[in-house]
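Here is a short briefing to read alongside the structure. Have the viewer open and follow along.

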Amino acid sequence: MDWLFPLFTTGQIGNNINLFLGLFIGFGFGFILEKAGFGTSKHIATVFYFRNLRVTQTMIAAIVTATTWVVIFSYFGWIDFSHVFIPITYVWPYLVGGIIFGAGMVMSGWCPGTSVVGVATGKIDAVVFVVGMLVGMFVYFQTYSYFQVFANSGNLGRFTIAKLVGGDMFTTSYLITIILAIGLGVFMNVMKSIIDKKGEVNE
Amino acid sequence: MEKGYWNPIFSGFILGTVLFIAYAIAGQGVGASGAFARVTAQLTYLVDPGFASNAYAGKYLRSGNALSNWIVVEIVGALIGGYVSAAMSGRIKQSTDRGVGYPVYKRLFWAFLGGVLIAFATRLSRGCTSGQALSGAGGFSVGAWIFMLSAFGAGMFLTPLFRKQWKGL
């Protein structure tokens, strides 16, 4: 094979073609989110109450699927995964950012990706959420100098599961991802059945 | 049960495959919050050109236009894709989802405040449930799981405060 994935970051396609294809990838992303039921805040918020397994099941299946493709394509040498951008791990900002994010999710019923689909389907609460996001971004930009040190603390670089516990992408990373995914799925199912038994589904 | 939605496992399989296609073509996963950061930066820059030297957002404006970026194009695509899917399923409808009997103005207040908090949070966590949690975990990043579990934990912890807003849903 003469070509190798990823096409853009290995210089096999130019910026304009990449942007053009990005429109279609985005189309698929938005289409699937809507079809999966992410276009309404009730499906997002009720996850935290264990009334709804739809969103977590979709997320878990997506992570397992994507990692499976990564492992298969890497094994056959069809993709050079070192050319795929993965966010750098900043331990403390991710922990605190995650807490603020989770609070925002249970109060708003949206996250940035789902709100795009919410706007597309006419949800007023999604439009208001997006306006809130623009304000929040502005606040961060203007106050960044106060957070700059903290925001860049705990930098571990491109930190994969294999780097944390040893081994490689094909064995450790993949296996632990599957274990985490199954663990999360079992946890959600057990919690939902407890909630269902208590009969608090509609309260 | 809701009609017209895909089975979640099937949705996840297709979503994970599209995520992999994004890795394979663009060399990055799908995201969302970055697009909103760029829109905010561009709007601020139009009002105040001095904003180009902002300590955080300056990097977006180096090329002169914060919007000429893959993530922005991808989110425009997502907006169209979401619309097409909802239109095909007859789900386009102006509404505000909220718990039974919950006042609309209160619901919109929490939606707004949540938006503010989430935007702020995504800058700390370098992405959201899409760009950080999904796209990071798909690439075996430890940070993605730190973010995902801390967001999930915080959301669960705060459920008592918002029970009325989501009552009966």
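What percentage of the 169 residues in chain B is buried? In this predicted model, buried residues account for 59% of chain B.

**Chain B overall**
- Chain B has six helices and zero strands, and its elements run α-α-α-α-α-α from the N terminus on.
- The C-alpha trace of chain B spans about 50 × 40 × 35 Å along its principal axes.
- If you take the contacts in chain B between residues at least 6 apart in sequence, 58% of them join residues at least 24 apart.

**Helix H5 of chain B**
- Helix H5 of chain B, residues 129-137, is mostly covered, with nine of its nine residues buried.
- Among these buried residues are B:Thr129, B:Gly131, B:Gln132, B:Leu134 and B:Ala137.
- Partners come from both chains: the buried residues of H5(B) pack against H3, H5 and H8 of chain A, and also against helices H1 (8-26), H2 (33-47) and H6 (142-157) of chain B.

**Where chains A and B meet**
- In total, 114 residues of chain A are in contact with 108 residues of chain B.
- Several helices of chain A each supply at least two residues of the side that touches chain B, including H1 (15-35), H3 (54-75), H6 (124-151) and H8 (169-198).
- H6(A) gives the largest share of that side, 20 residues.
- By class, the side of chain A that touches chain B holds 73 nonpolar, 34 polar and seven charged residues.

Key
Residues numbered from 1 in each chain as written. Chains lettered and ligands numbered in written order. Predicted model: local features only at pLDDT ≥ 70, side-chain atom pairs only at ≥ 80, totals over all residues. Contact = placed C-beta atoms within 7 Å. Helix = DSSP H or I, 4+ residues; strand = E, 2+ residues; numbered from the N terminus. Nonpolar A, V, L, I, M, F, W, Y, C, P; charged D, E, K, R; others polar. Buried ≥ 20, exposed ≤ 12 C-beta atoms within 10 Å, placed from the backbone.
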